[in-house]
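Dear colleague,

Please find below the structure that I am handing over to you. My notes on it follow directly after.

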Amino acid sequence: MITFNDVSVSFEDAGEARTVDAVRHVSLHVPRGSVYGIVGGSGAGKSTLLRTINGLQPVSSGDVVVDGQSVPSLGRGELRELRKEIGMIFQHFNLAESRTVGDNIAFMLEAAGWESSAIDKRIDELLAYVNMSEKRGAYPGRLSGGQKQRVAIARALANNTKILLCDEPTSALDAETTASVLELLKKVNRDFGVTIVLITHEMEVIKAIADEVLVMNHGEAVESGHVYDVLTSPKSEFTQKLLAHTQNYHIPDDVWQSITGEIVRISYHGGSAVEPVITDTATKYGIGMNILHGRIEYIASRPVGVLYVNMIGNGDAVEAAKAELSARTAKIEVIKHDR
Amino acid sequence: MTGNISGFSALIEKAMVQTCYMTAASLVCSVVLGGALGLMMYLTAEPLFYRNRALNQLMSAVVNIIRSLPFLILMIFVLPLSKFIVGTKIGPDAVIVPLTIWATAFFARLAEASFAAVSHGVIEAYVASGASTLRVVVKILLPEARIALLKNITVTLISVIGSSAMAGLVGGGGLGDLAYRYGYQQYRTDIMLACVVILIIMVQLIQLLGDGIVARIKKKQ
């Protein structure tokens, strides 16, 4: 649906009279109907890259092909036609404060040349879909952040758009609202087959919604692939660091001090997590395995997890148990040695 | 020492009408011309529309040149042009020309700032819709900027009333003319006071009206 061929974007920083390379040589393919996440820190170039898809940001070199059309080579009129098929939502929602909810959506339909009778019906349909029917006549100033984003999603989908660009759509929302907005985006993807490209600085958002992910740093594509693969076996140091804070847990100091025996950190990927590895091993070697901390989550319906386990028993049995664990899980690390 | 009451009020009335006429005519012209100039300055500064540094700086320089001249000097300098445009070098009609030029530059700056203060994100969202620039400007930019524009029209109107008073020095008529010729040159304190009071009331009313309209729009949205 969208292909980036060696895309670079640089612009003049007027203040400092220098050239900023915002995006450097990115190549990428976004399959039709997928949810593609782009993750990276601030200044990584993800926002710039996203805007090359609808031509809000011209490329300096390379090509962006959307649905068979090369965006950089489109004329002004052709670009406007393409934009009518691409919806966009933003961190700060960007609804016009001077227009009601209904009129914000109506603008899109008028611009795309809909008949006025059809516009009215379409607005009702869209607002019902995002659960905002009763707010049609309200001004955006009266809505909460989550409600504004729902309206913005309705606005973005108004003209039966095929692609939805999401620029940090949940970064201004609390955790609960974030979850409901991400659910809605997933539903949009499922119900209408809309291809979603979403940028975020939060790995949690990627885990919750994306099929594939591109990790960006300093304008470069660090790595990309299926979310599960990138998250469970990150190849680059940058991705590992990005993931570290979501997969490292802190055991309180007094607990750490009072524990005797070894503490190991066990990483699970895929199949092994659902097997009763811990109980199997404990029974087989006659040792105690006390789970201190950890979490198992599901990415693309496959389990991924980290457990911190205190191994209690005689030295040989513990060593044998560790060997078994090492064979049956993704990774085990001893983080506290026996005294 | 005071003249008869009907003569007095006739003088004041005539001057008020002249002031209102000069002010209204130049306000309307300058809001249209200055608004358009401010809009073009905004559009040529904004990459989402028609960014053009040279054109932008040219317009900005013209505005700055006009704004650097005190109105009195601009008026004397421009009056010969009035003869050309409105056919006379004296009276309210002649003063409208320099007044409009001055107020256009004044309002252009304020209008540009009003447009620039509209959320860039909102404009981006609507440019991304594929709508034409004209549609985005008319249906989004202008309504989103309307509160700031109204406030700045109020400021411009009050400044224009103030500047129109200087027309008295070139025989332009109006309250300033009256206060200068009778109040200052003939020591008619009553006329001077009347002019001062009327000007204060006019400005107060305009400010109240401007604030009232803005408050109503804000309350709605």
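In this predicted model, strand β6 (86–90) of chain A pairs with strand β7 (residues 163–167) of chain A in the parallel sense, over five bridges. Within this pairing, A:Ile86 stands opposite A:Ile163 of β7(A). Five of the five residues of β6(A) are buried, so the strand is largely enclosed by the rest of the structure. In a regular strand, side chains alternate between the two faces of the sheet. On one side of β6(A) the buried residues are A:Ile86, A:Met88 and A:Phe90, while A:Gly87 and A:Ile89 are buried on the other. Both faces of this strand are therefore covered.

Strand β6(A) also takes part in covering helix α2 of chain A. This helix spans residues 76–83, and its buried residues are A:Leu79, A:Leu82 and A:Arg83. Seen down the axis of α2(A), these residues fall within an arc of 100 degrees, so they line one face of the helix. An α-helix has 3.6 residues a turn, so residues three or four places apart point the same way. Besides β6(A), the cover over the buried residues of α2(A) includes β4 (61–66) and β5 (69–70) of chain A. Chain B contributes to the cover as well, through its helix α5 (120–127).

A:Arg122 belongs to helix α4 of chain A, residues 116–129. Leaving aside neighbours within four places in sequence, A:Arg122 is in contact with A:Leu109, A:Trp114, A:Leu157, A:Ala158 and A:Asn160.

A:Asp6, in strand β1 (residues 2–13) of chain A, has a phi near 50 degrees, a positive value in a residue other than glycine. A:Asp6 is partly exposed, at 38% relative accessibility. A:Asn131 likewise is not a glycine and has a positive phi, of about 65 degrees. A:Asn131 sits in the loop between α4 and α5 (145–157) of chain A and is exposed, with 60% relative accessibility.

Finally, I turn to the surface of chain B. Here B:Leu72, B:Ile73, B:Ile76, B:Met166 and B:Leu169 make a nonpolar patch of about 420 Å². One of these residues, B:Ile76, lies in helix α3 (residues 71–86) of chain B. B:Ile76 is exposed, its relative accessible area being 52%.

With kind regards

Key:
Residues numbered from 1 in each chain as written. Chains lettered and ligands numbered in written order. Predicted model: local features only at pLDDT ≥ 70, side-chain atom pairs only at ≥ 80, totals over all residues. Heavy atoms only, no water. Buried < 20%, exposed > 50% of the residue type's maximum accessible area, 1.4 Å probe, protein only. Helix = DSSP H or I, 4+ residues; strand = E, 2+ residues; numbered from the N terminus. Arc of directions from axis to C-beta. Contact = heavy atoms within 4.5 Å. Patch = residues over 30% accessible without salt bridge, like charges linked within 9 Å, V, L, I, M, F, W, Y side chains within 5 Å. Areas by Shrake-Rupley, 256 points an atom, 1.4 Å probe, with all protein chains shown as cover. Salt bridge = Lys/Arg side-chain N within 4 Å of Asp/Glu carboxyl O. Pairing = 2+ DSSP bridges.
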